[in-house]
Every structure is written in structure tokens, then in C-alpha cells.
Amino acid sequence: MSLAVAIQMDPVESIDIDGDSSFVLGLEAQRRGHSLYHYQPQDLSLRDGKVSARCRPLRFARQHGAHADLGASEVIDLSKLDVILMRQDPPFDMSYITATHLLEHIHPKTLVVNDPMEVRNAPEKLFVTHFPDLMPPTLITCDREEITAFRDEFKDIIVKPLFGNGGVGVFHIKPGDENLNSLLEIFTELYREPIIIQQYLPAVREGDKRIILIDGRPAGALNRVPAEGEARSNMHVGGRPDKSGLTVRDLEICEAIGPTLKEKGMIFVGIDVIGDVMTEINVTSPTGLQEIDRYDNVCLEAEIWDAIEQRYAEVHGK
């Protein structure tokens, strides 16, 4: 099966080829004989019900400084392609939401991974709230009195923007910290959305585990340990990746959410687990494939493509 595949992502020239998950997904697609195209979200157009994008043929190579060979741009009717990988980084803003609306015109005949409608309905910090028994105590609100009451109850809290990403804007407010009101004033100026407040989990010092699920099935895990003096474990801000297996509790969490992910067409998902609770479900542009591959001597991108090809065959009756 040879497929025409477009990767909707940020500029490929600046990616880290030793850590980028989209890069290895592209390499695996090439290995299978699929042709690749690249475009950015701003290259999308909708006219008379047809979705197109100004694309460039793409060839990846694991070669530092020459990892992406891009051809001349051309406008392509995306309904003529077989698969689109929606892999641009958040933030989950109106630009991101608009892209899901446009791609919904061509899915599932052109298989969009993950399903654009379901991605739109599942921002990381909100989708997880459908599984309250698996979460730490969490409050989503703009109400100062509610926030104060939550802090009075749990003392040690995390405050973060509802649609943030990469650890940006995440604050650990310890008991006795007098900066909460000032922080809320800043958040009010920067964001129109509610704020998310969670009980601080001391287990984060041991790591924030990223678990990859493929078509609803746990496939591997990576532990991300925060740097000294840092409450955030994101690798963007200095978190250290470590090898990690899956505990009994991890498997229980995956078993609880897996059927929902599969039903919603979420082929490639990354969840975040601290201690015994799940804090986020990442469906927009999950990462961690290369690190898990190296630690566990596996090839998760091949498993993802197996799932994509199977879903494509089901849609097209092959």
C-alpha cells in the first residue's frame, strides 16, 4: 500500500531530528513507500467546499543540517491525498481550531490523524476532566473566591493557563506564598479563558510520566524528571527524560480511557501521569516517540503507521 501523505506542521527546517516525533513518523512513512508533502496551517484554503493547501514535496533524512529536502510548492486538493498528519504544535487557539474545521471537510476519506472534530473537542486540560476519578483535585474557573477556597483546602497548588503548552505559564504556589493575587491579575490580562488550578503533587519530583497510546492501547512510556528547583517536567524547560515501564496503575488508567480514544479516532495519544493520577490527555501533537524507541528498543512510529494503514483500509473497504 503506497499512500500520499501530507504533514501539517511547523517549519521543518528547525526541528530537532534526535527528538522530534513528526520526523520519525515521516521517516517510517518513507520506509513504507509513502510519498510525503509538507504544509503549514496558514497554507490551508477553503473555496467552494474544496480544501486545498500550498504544499511542498518532502524527503526526510537522518542527517544533521540536511534532514529535510523540500521541493517546489504547489497547490494540492487535499481530498486527493490519502492521509494527513495534523502535527503542528499548540497553543490550542482559534488558529488551531480553524484548521480542524477545514480538515473536517475531507475526513475520513482523506484520513486525518487524529480525527479533526474529536481533536477540536478534546483540548488537553479539558478532555481529561471526563475522567474525574483518574485526576488530581482540579478547579477550572475565573472566580477568585473559588480559587481562594480551593487553595485554603489544598494549600499547595499548581496554577496554569487552560490552553497553554510546553510548561509555559505553569506556577507552583506554595503555602504562604503571597503572589497568588498578583498572578491572577496577570492571568486575567493575558487570557480570556478560565484558569486551571490543581493540587500540587509531590510525586512530580520523581517524574511526570508520558505514556503513548496507539489506537487506545498503551505502547510505551517515558519518565520526565524536573530539573532541580523547577516544578515543571517538560523537556522544553529542562526536564530530563528517563526510561520508564508501565505500572499496574498506569495500565488501569489506560484501560479506563482506551476505548474512548479508539471510538473517537484518536490513533496517536500521549497521556501524562504523576504518581497514581492522570493530569492531561494530549491529542494535538504528542511527543516522546524517539526517546521511548531508544530506551525500550522498539519502533513506535511503525506501530502508529500500522494503525493508520489499518484505519485507512477500513474506511476504504480494502
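## A guided tour, loop by loop and sheet by sheet

Select Asn114 to begin: this residue is found in the loop between β8 and α3 (116-120). The model on screen is a predicted one. Look at the link from Val113 to Asn114. The peptide bond there is cis, with omega at about 0 degrees.

Now step back to Pro108. This proline lies in the loop between α2 and β8 (111-113). Here is another cis peptide bond, joining His107 and Pro108, and its omega is about 10 degrees.

**Helix α2**

Next, select residues 94-103, which make up helix α2. Which residues of helix α2 are buried? Colour Tyr96, Ile97, Ala99, Thr100, Leu102 and Leu103 to see them. Such spacing is worth a thought: an α-helix has 3.6 residues a turn, so residues three or four places apart point the same way. Then go to the start of α2. A side-chain oxygen of Asp93 comes to within 3.2 Å of the backbone nitrogen of Ser95.

**The open sheet**

Show the strands β15-β14-β13-β16-β17, in that order. These 5 strands form an open sheet with antiparallel pairing. Find the edges: β15 (240-244) and β17 (277-282). Each has a single partner strand, so one side of each is left without a neighbour in the sheet. On average, neighbouring strands here are turned by 30 degrees against each other, direction ignored.

Zoom in on β13 (residues 208-214) and β14 (residues 217-225). The two run antiparallel and are joined by 7 bridges. Select Leu213, and you will find Pro218 of β14 opposite.

Stop at Asp215, in the loop between β13 and β14. Asp215 is not a glycine, yet its phi is positive, at about 55 degrees. Is Asp215 buried or exposed? Its relative accessibility is 15%, so Asp215 counts as buried.

**Helices α8 and α9**

Select Leu289, Ile292 and Asp293 in α8; they meet Leu300, Glu301 and Ile304 in α9. The contact holds 4 nonpolar, no polar and 2 charged residues.

Finish at Asn297, in the loop between α8 and α9. Asn297 also has a positive phi, near 55 degrees, without being a glycine. Asn297 is exposed, with a relative accessible area of 73%.

Technical notes. Residues are numbered from 1 along each chain as its sequence is written. This is a predicted model: local features need pLDDT of at least 70, side-chain atom pairs count only at pLDDT 80 or more; totals for chains, interfaces and linings use all residues. Side-chain values use heavy atoms; hydrogens and water are left out. Buried means under 20% relative accessible area, exposed over 50%, partly exposed in between (1.4 Å probe, protein chains only). Helices (H or I, at least four residues) and strands (E, at least two) are DSSP runs, numbered from the N terminus. A polar contact is a pair of N or O atoms within 3.5 Å; within protein, one must be able to donate a hydrogen and the other to accept it, and residues adjacent in sequence count only if both atoms are side-chain atoms. Two strands pair if DSSP finds at least two bridges between them. Axes are lines fitted to C-alpha atoms, for helices over the stretch in contact, and angles run from 0 to 180 degrees between N-to-C directions. Contact means heavy atoms within 4.5 Å. Ala, Val, Leu, Ile, Met, Phe, Trp, Tyr, Cys and Pro count as nonpolar, Asp, Glu, Lys and Arg as charged, and the others, Gly among them, as polar.
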